[in-house]
Amino acid sequence: MTTSAQPSTPRGDPGVIALALWFGILGGLGEVVVHAGRRFIRHRFVFVSDDAVWMAPLAIFLLLLLIGVVLVGIQRLRHRPVTRALVPGFLFLTGAGVLLSYPRLHWAASLVLAAGIAFQGTRWQRRHSARIATVVYATLPWLMTLVVSLGIGLQLARRLTRVPSGPAPAAGSPNVLLIIFDTVRGLDYNGGDALASYFPRLSRRAASGIRFDRAFSAAPWTLPSHATMFTGRWPHEHRANWDHPLDHRYPTLAEAMTRAGYVTAGFAANKVFTTRATGLSRGFQVYRDYLISPGEVVRSSTVLRLLAETGRFRRIVGEYQALARKNADQVNREVLDWLPRHGERPYFAFLNYFDAHAPYLPPPPFDSALKAMIRAHGGRQRWFEHDFSKQLPPPDILLEAKTAYLGGLSYLDDRVDALLDSLELHGWLRNTWVILTADHGEEFGEHGRLGHGHNLYRTLVQVPLVIWGPGLEPATSSAPVSLRNIPATVMNWIHPGVPTGFPGTSLLQLMATGDSARSELIYVEGMPPEYSSGGGDMISWVRDSVRVIRHSAGKEEILPLSDPLEKP
């Protein structure tokens with residue numbers, strides 16, 4: 001009786017799992033080395049989690065394993081050794097991932113070089129096929145041990161909370177809670193107060209404090225605005241921009257609070273321009289940015305991230321949400337997990353919420369108005385299909401984007417109010433100063449564009465600013481003020497009568513003196529072409545009842561403060 005021959009892996013030929021794991025670890029670690037070189041040697045941004053040391057190998061292993069299973073199926077039909085098909089393909093994918101991780105190298109050049117690596121690897125394989133298994137099985141345990149050790153070491157390091165360097169603050173020193181909304185404009189669509197229009201819950205809380213009706217950020221996008229709020233320095237001083245993180249030239253508010261004996265923690269949802277790599281974490285004893293999640297595993301691999309974030313792929317799967325987006329509920333959980341362990345000292349906590357930022361996709365039930373609008377338009381989310389950088393869409397599509405944005409604001413209002421309820425319930429809001437503001441606004445066609453970063457009109461640089469806490473009487477200020485005064489304000493609270501160590505003036509002192517004639521500067525530099533309004537860099541300042549915008553090309557606009565939307 002004869003039996004049919006079964007295809008089998010030749011003796012000494014490594015299996016698909018071993019090959020996928022070996023190439024996955026090497027490819028993942030190769031990408032991590034490129035990221036580390038850019039971050040620590042060239043001092044450039046990398047938009048991946050520190051957990052990429054284990055996430056990237058895992059992501060690439062899973063991708064290669066999936067491809068390997070398909071190829072093994074083909075191999076079983078054609079009776080060919082699996083490595084003959086796997087090695088070239090795995091070499092190409094891992095090589096492409098490493099090369100694409102370096103943004104200065106054009107993607108086409110990266111793919112050509114990866115193809116060359118795969119071709120040369122195939123030639124080597126033909127000459128030394130017997131050595132492949134020896135190399136794989138001899139090095140794989142060491143590679144696995146390295147990745148596991150890096151992952152465990154990183155988790156343990158995060159749990160080691162640094163002790164404040166200064167002596168314990170005086171009894172009764174207040175906590176400070178700095179809440180920064182990412183991409184929340186200070187003006188509603190009609191030029192009124194956005195906080196009153198779109199944040200009813202938080203407006204009720206803020207009614208007991210001081211509201212600044214004309215608060216200006218230092219820049220129309222995230223990093224320089226945050227850096228100014230942390231250092232009190234203008235963007236042209238600290239020079240945190242599109243290519244460079246915040247450096248160590250100027251002290252940060254978190255460093256000053258740590259020296260004052262406070263426990264400090266930051267919780268950032270913007271995983272591009274508020275991560276550790278931006279320098280904003282300097283001085284915080286605890287800093288939470290990236291999550292550990294399946295979406296973050298995908299993001300950690302350059303190849304998978306580029307594939308998953310392409311517009312065509314998103315349209316095919318019908319999913320437009322940013323990969324591994326960190327929402328307000330997750331920020332709240334991180335805060336509530338940290339506070340019980342922060343000890344008896346007063347705390348300084350910074351919270352960055354990203355839910356108003358594009359893509360505007362509020363969760364249920366805050367998307368009900370948007371869903372109704374989408375149903376009326378045939379079930380298509382049409383604002384995702386329009387290139388807003390070239391021209392504004394028809395009014396009905398622009399209304400969809402505006403409705404989606406408002407859903408995100410309602411979600412923020414609900415979730416931040418819920419966090420404050422939890423803090424009150426546990427006594428963590430007692431004797432606490434709360435500063436609520438935003439890093440910049442968002443434009444919806446008022447000056448011909450959607451988004452932010454491209455001009456200095458008030459839709460982008462006027463933001464909410466309210467302060468409430470023990471001892472404050474309700475008040476409203478219409479004087480123009482800058483967010484760069486936040487560090488001086490906080491240090492003046494905790495050390496009254498002592499020089500703050502930061503430029504700017506305490507906002508409470510400005511309220512007391514009623515100085516409305518001072519000049520407030522807003523400066524932007526190094527704007528890339530995709531965000532440029534055509535005028536290049538711009539500088540803006542406020543004096544008396546007018547605001548001036550000066551373009552680098554020489555054009556100057558004089559705009560009355562009485563016109564909040566500054567319509568052309």
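Arg 39 is buried, with a relative accessible area of 18%, where buried means under 20%, exposed over 50% and partly exposed in between (1.4 Å probe, protein chains only). Everything here comes from a predicted model, in which local features need pLDDT of at least 70 and side-chain atom pairs count only at pLDDT 80 or more, while totals for chains, interfaces and linings use all residues. Residues are numbered from 1 along each chain as its sequence is written, and side-chain values use heavy atoms, with hydrogens and water left out.

Back to Arg 39, which sits in helix α1 (residues 16–41); helices (H or I, at least four residues) and strands (E, at least two) are DSSP runs, numbered from the N terminus. The Arg 39 side chain makes a polar contact with the side chain of Asp 50 at 2.8 Å. A polar contact is a pair of N or O atoms within 3.5 Å; within protein, one must be able to donate a hydrogen and the other to accept it, and residues adjacent in sequence count only if both atoms are side-chain atoms. Setting aside neighbours within four places in sequence, Arg 39 is in contact (heavy atoms within 4.5 Å) with Arg 44, Val 46, Asp 50, Arg 276 and Ala 277.

Arg 39 also turns up in the lining of the largest cavity, along with Val 46, Val 48, Ser 49, Asp 50, Arg 158, Thr 275, Arg 276, Ala 277, Asp 289 and Tyr 290. That cavity has a volume of about 60 Å³, and the whole structure holds 3 cavities of 30 Å³ or more. On a 1 Å grid over the protein atoms alone, a cavity is a set of points where a 1.4 Å probe fits but cannot get out, and lining residues have an atom within 4 Å of a point. Grid points are joined across faces, edges and corners, and a volume is the space filled by probe spheres set on the points.

Stepping out to the whole chain, there are 19 helices and 15 strands. Of the 568 residues, 56% are buried. Among contacts with a separation of 6 or more, 72% come from residues 24 or more positions apart.

Now for the greasy part. A nonpolar core is a set of buried Ala, Val, Leu, Ile, Met, Phe, Trp, Tyr and Cys residues joined through side-chain atoms within 4.5 Å. The largest one has 95 residues, and Phe 181 and Tyr 353 touch the most other members. Helix α16 (residues 395–425) gives the most to this core, with 11 residues. A second, separate core has 23 residues, among them Leu 21, Val 72, Leu 91 and Ile 132.

Beyond neighbours within four places in sequence, the contacts of Tyr 353 include Ile 179, Phe 181, Asp 182, Ala 269 and Leu 412. Phe 354 lies in the loop between β5 (347–353) and α15 (368–376) and counts as buried at 12% relative accessibility. Phe 354 and Asp 182 are 172 residues apart in sequence, yet 5.1 Å apart in space, C-alpha to C-alpha.

All of α18 (residues 486–494) is covered, with 9 of its 9 residues buried, including Pro 487, Asn 492 and Trp 493. Glu 255, in helix α10 (residues 253–259), counts as buried at 19% relative accessibility.

Notes:
1 Å grid on protein atoms, 1.4 Å probe; cavity = no way out; pocket = protein on both sides within 12 Å on 5 of 7 lines; lining within 4 Å.
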